[in-house]
Amino acid sequence: MDSRKGQAASFIVDSHSFKVWELTPWLALAATWFMLPTYLPFASQIIVMILFALSYDIVVGYAGIVILGHTAFFGVGAYTAGLLAVGGWREPITGLICAGFAAAAVGLVAGAVILRTRGLTLLMLGLALTLLFGELANRFAGVTGGHDGLQGVEISPIFGRFEFDMFGRTAFLYSAAILFLAWICVRTLVNSPFGRSLVGIRLNPVRMQAIGVPVWQRKLIAFTISAALAGVAGGLSAQVTQFVSLSVFGLDMAGAVLIVLVVGGRGRLYGAFVGATAYMVVQDVLAKDDPVFWLFWVGLILIAVVLFAPGGLLGLIEKVAGLRRPKAAELIEGQGQSPSGIEYRSQQ
Amino acid sequence: MNVSETLISILFTGTAYAMVLYIISVGLSITMGLLGIANLAHGAFAMAGGYLLITLLNRLTLPFGLALVLSAVIVAGFSVVLERLLYARVYKAGEFDQVLLSVGLIFVASAIAQYVYGPIPKTVAVPLSLTGNIDLGLRTFPVYRIFLVATGVAIFVMLLIVIERTNIGMRIRATVDNRAMAEAIGINTKTLFSVVFAVGSALAAIGGGLGGDMIAITPGYPLENLAYFLIVVSIGGLGTVSGPFLAALLLGIGDSACKILVPQFGAFFIYLSLFGFLLLRPGGLLNRVQEQ
């Protein structure tokens, strides 16, 4: 038992240390800056999507809370940042922080209600939450702009110095900086004992409860953190595009983030990076010509991923490269496969 | 319009809408209770039923009743193929995989629908014998809506008899209550799943076709109406036929009351009361599936 404990501890310590390949996304961002300067606004949108998918990954990929309405928090963040700017508070960083806090507050209250349920009811309530906000934003069109969207979101220079230019350079650097900070936070979070306990909850909540983990509380904390991050992503989207539309609460957005995460690889941290980039680029190429065709392929890809590649693109890469996870990971993750936890006895 | 007329109008429209919601969603409640699978693509079968009915009526000019039955049979047959090929593979997988698979199916179905029928909403041509109004003393009512209510009640009674009184109903109830025990005493759950899935899809197709005059048939149908189908199932409870009936009545009448009394709020109050209700009764009105 002690050696197992040691293995587990060294696995956790090991997972915090940086590997060389983890530089890839940042090298890719640098390459975009130097080689594709005309694509910087598009790259900023990809960054927003990565942030949103990261937040969704905490809930779905790590904690295993199956919810469809995460767009509620993205939308709350977007409208908070947007309305602040329209109302005269144009400082970007505090605006973004407010967006995060607003979404976290909504996440905490909503989570306290909906995390008591599970299965279909949970799915349903998540969906109802985002539709509820959509109706609210539509109802108070005088404030939110309704179907025309919230226009005139103007942001003052970052630190009072770096003005948002029309080529999207400042916006890109700003987004990249936010992504970097979020990445550090999420990476630390999911590799921490708290993050591992979320994985445990996903694999077997009954057993986690039995060994003394306050399951509901942990889920609520993860849910609130994730909501905050989704709010930051939404706020960033409002600031970068200078526009918020009602579609932030729409089912299309909810579907998009689902696909991004699943195609990239859920519960893998970098799935959000790979998925968002792949999704946005392919969509940009295909959907312009033929949105119907695009929808058809997205559906087929989703089905194929479920049946043949549950790990998404990253899972496939891991398989091809033969990169097996460290043994301690199997030790931790391989045990809880049975949903009922009945096979306890056979392992002793 | 005076108060009593408004009330009658709300109740009548609401009940007709409720019956459409019921016919579509009851299959979902049974399959979810029985198979334990989150099939979000259920609305796609309703959409398919609607489009098929339109094609059969307009292209082949079949009589309404025959076209309706034929569309249900085709959708049921197709759904069994999907069940065996796709759904059966994720019965034991996590809920998230089931959600993904069904969302994928929704996208594919919507894309096909838009490719074949175009983005513009289609309406079902109601047969002449069911058009017009009829005077029932209080005021006149559209005949077709009365036909909808009658059909909904008839299907409800029929399902109730099948579930409560027949041999196959007994098997279904046993499997919902305890699958392992049902298998142990010799119930072929695999066949049962396919049969129930087919019947549920056929009902969805009938509901989609009949309800085409209240819920427009568009390629966005499965996604746009998903929330309402799920509300009926989650408020009604899984694995029953009576729960969704009550839930559909509540939702249908509540929805038409909201649309008539506070149209500017849309479905806001529906979602709000949904939260309140599920907070008090997370399992729904009548839940047959035991918490494990």
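How many helices and strands does chain A have? I counted 16 helices and zero strands in chain A, where helices (H or I, at least four residues) and strands (E, at least two) are DSSP runs numbered from the N terminus.

**Entry 1: basis.** I noted that this is a predicted model, in which local features need pLDDT of at least 70, side-chain atom pairs count only at pLDDT 80 or more, and totals for chains, interfaces and linings use all residues. Residues are numbered from 1 along each chain as its sequence is written, and chains are lettered from A and ligands numbered from 1 in the order in which they are written.

**Entry 2: chain A as a whole.** For the 348 residues of chain A, a compact globule would have a value near 20 Å, and chain A agrees with 20 Å. The C-alpha trace of chain A spans about 65 × 45 × 45 Å along its principal axes. I found that 48% of the 348 residues of chain A count as buried. A residue is buried if 20 or more other C-beta atoms lie within 10 Å of its own, exposed if 12 or fewer, and partly exposed in between, with C-beta atoms placed from the backbone. Two residues are in contact if these C-beta atoms lie within 7 Å. Of the contacts in chain A with a separation of 6 or more, 79% are between residues 24 or more positions apart.

**Entry 3: helix α3 of chain A.** I followed α3(A), residues 40–62, which has 23 residues and reaches 31 Å from its first C-alpha to its last, close to the 33 Å expected at 1.5 Å a residue. The expected span is 1.5 Å times one less than the number of residues. I then found a kink of about 35° in α3(A), centred on A:Tyr56; the bend at a residue is the angle between axes fitted to the seven residues ending there and the seven starting there. Is α3(A) mostly covered or mostly uncovered? I recorded 20 of its 23 residues as buried, so α3(A) is mostly covered. After α3(A) comes A:Gly64, with a positive phi near 70°.

Entry 4: Leaving aside residues up to four places away in sequence, A:Ile50 touches A:Leu179, A:Ala272, A:Phe273 and A:Ala276.

Entry 5: Most residues other than glycine have a negative phi. A:Gln242 lies in the loop between α11 (215–241) and α12 (251–264) of chain A. With 17 other C-beta atoms within 10 Å, A:Gln242 is partly exposed. A:Leu269, also not a glycine, has a positive phi of about 70°. A:Leu269 lies in the loop between α12 and α13 (271–289) of chain A, and is buried, with 24 other C-beta atoms within 10 Å.

**Entry 6: helix α15 of chain A.** In α15(A), residues 312–321, I found A:Gly312, A:Leu313 and A:Leu314 buried. What covers the buried residues of α15(A) includes α12, α13 and α14 (291–308) of chain A. Just after α15(A), A:Gly322 takes a positive phi of about 65°.

Entry 7: I counted twelve helices and two strands in chain B. Buried residues make up 50% of its 292 residues.

Technical notes. The radius of gyration is taken over C-alpha atoms; the globule rule is 2.2 Å times the number of residues to the power 0.38.
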